[in-house]
Amino acid sequence: MSKFDRAVAQGLGEQSIDAALYEQRREHEERLIQVRGQYKEACDKAEALRTDAEEQEPPRTDISSVIEALLAQAREALSGLSKTCARAAQILEAFRLRHGLTRAPAQPQAATASMVLSLLVFVEAAANAAFFANAHMVAGPFAALQTSVLISLTNVSVSALGGYLIGRWMDYGKNAEDERDPAFSIPRLRARIALAGLIGILGWFHMTVGLVRATESLDIVHHSVSSYALVLTTPESLFLVLTGACLSVLAYRKGKFSFDDPYPGYGTRSRALQTLRDEVVDAYEDFREQIEERFDEAQRDAAKAAKSGVQGIVRYNAAVKACRAEARKLEEAVKQAESTMRMQAARLTSHHRAARGRRSAVSENDLTHLLVFDDYLPDALPVAAKDSHEKASRVHFAAQKADALAQITSHYQSLLNDKEDMR
């Protein structure tokens, strides 16, 4: 016979219903006391660990001395580069005044010029190869192309070098106030003499190519009046001479204008100044990166130290979690006890009334007391501790990093404002 059946049997006798209900309540209370004991044990363990969690001190990491030294190094380096940049700007401005230059230095694209010169080489080579192969002067098309490429490469290369080494000096010092100064006039005279020689050499070269086509011989070429007349009377030879001369002029201008500023020395000084300006910017960016790296390293070290120093918080939070889990179990047990107690009270009351023919003598207050187990509900639960050490460390380092970066940026901006050549 179950306990409930025994209580019903008692209700059929002379025993009052409240005694049966109290017996049922006592059974539920025994289970709740056991569960509440586990809950109290878990909470007591968490309370014992609270002191260790609250006494944790954040690790101290001070890199202010390292940052100050790095800032001092940055100020010195940037100031030194700025002074060097200012001197280079003065040198460039003095050069412009001395030579009477009013325009900005040109910044040609050497890669584009090289591609154009290569195109000129193959254009002339294709034309020469067609005429040489047509005259059956070579063994085949490949041999004609090989010979023509050598001729064209020589023509374009010499003409481009002539433009770069000679043509850029033709107008040297013409805009200066003392253009007749030997420092200007002698280089111009040398350039004119060299240009005359270059024209003579290229003219002889193109006439030789024309004679090769006119005489249809690659072995022996005779330079004579009759041979030159043959060149002028042979359309293909004349075409080769004129084509080579035109490409020489184009290559000469490319060599003069496309690899550097057409005025000697102007481009070199301009690039030197631009290089120094880039070095100032690169130094500024490099010091900024170093400052950020120092703070990042310090933050990582502080995070490691904080992680090793907050074991008490970890243990306390684990105990709080266990306490809350036991509290949830206790709440579920109370709910289950109240629900079961209500069903049992209803059944007992019904059987008791049927057996004895009268209503239960249990009052409403007593019945409410018997069916409610609020006294066993969990008390105030402990609160988990938050590890604010790492957050405080991040805020601290972020403020220091922002201040250091603001200092180096302020110094860099002051250099820009003080030195017009830095802009």
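**Salt bridges and packing**

The model is predicted, and in it a salt bridge joins the side chains of D171 and K174, at 3.5 Å from N to O.

Me: Is D171 buried, partly exposed or exposed?
Reply: Buried means under 20% relative accessible area and exposed means over 50%. D171 has a relative accessible area of 40%, so D171 is partly exposed.

Me: Which residue forms a salt bridge with D178?
Reply: D178 sits in the loop between α5 and α6, and its partner is 80 residues away, in helix α3 (residues 64–99). The closest N and O atoms of the pair are 2.9 Å apart. D178 is partly exposed at 31% relative accessibility. The partner is R98.

Me: Is E326 buried or exposed?
Reply: E326 meets K329 in a salt bridge, with 3.7 Å from N to O. Both residues belong to helix α10 (residues 311–356), three residues apart, which is about one turn of the helix. The cut-off for buried is under 20% relative accessible area. At 15% relative accessibility, E326 is therefore buried.

Me: How many salt bridges does the structure hold?
Reply: One of them is the bridge between D178 and R98. Others share partners and join R168, D260 and R271 into one network. The structure holds eight salt bridges.

Me: Is α6 roughly parallel or roughly perpendicular to α7?
Reply: Two packed helices are described by the angle and the distance between their axes. The axes of helix α6 (residues 182–215) and helix α7 (residues 225–233) come within 9 Å and cross at roughly 80°. Angles of 65 to 115 degrees count as roughly perpendicular. So α6 and α7 are roughly perpendicular.

Me: Which residues of α7 make the contact with α6?
Reply: On the α6 side, the contact is made by M207, G210, L211, A214 and T215. On the α7 side, it is made by S227, Y228, L230 and V231.

Me: Is L165 buried or exposed?
Reply: L165 lies in helix α5 (residues 141–165). Together with L161, Y164 and F259, L165 forms a nonpolar patch on the surface, with about 360 Å² of accessible area. The cut-off for exposed is over 50%. At 53% relative accessibility, L165 is therefore exposed.

Me: Which residues does F257 touch, not counting those up to four places away in sequence?
Reply: F257 is in helix α8 (residues 235–257), and its relative accessible area of 33% makes it partly exposed. Its C-alpha atom is 9.8 Å from that of Q109, 148 residues apart along the chain. The residues touched are P108 and P262.

Conventions:
Residues are numbered from 1 along each chain as its sequence is written. This is a predicted model: local features need pLDDT of at least 70, side-chain atom pairs count only at pLDDT 80 or more; totals for chains, interfaces and linings use all residues. Side-chain values use heavy atoms; hydrogens and water are left out. Patches are made of residues with over 30% relative accessible area and no salt bridge: like charges are joined within 9 Å, nonpolar side chains (Val, Leu, Ile, Met, Phe, Trp, Tyr) within 5 Å. Accessible areas come from the Shrake-Rupley method with a 1.4 Å probe; for residues, only the protein chains shown count as cover. A salt bridge is a side-chain nitrogen of Lys or Arg within 4 Å of a carboxyl oxygen of Asp or Glu. Helices (H or I, at least four residues) and strands (E, at least two) are DSSP runs, numbered from the N terminus. Buried means under 20% relative accessible area, exposed over 50%, partly exposed in between (1.4 Å probe, protein chains only). Contact means heavy atoms within 4.5 Å. Axes are lines fitted to C-alpha atoms, for helices over the stretch in contact, and angles run from 0 to 180 degrees between N-to-C directions. Angles under 35 degrees count as roughly parallel, over 145 as roughly antiparallel, 65 to 115 as roughly perpendicular and the rest as oblique.
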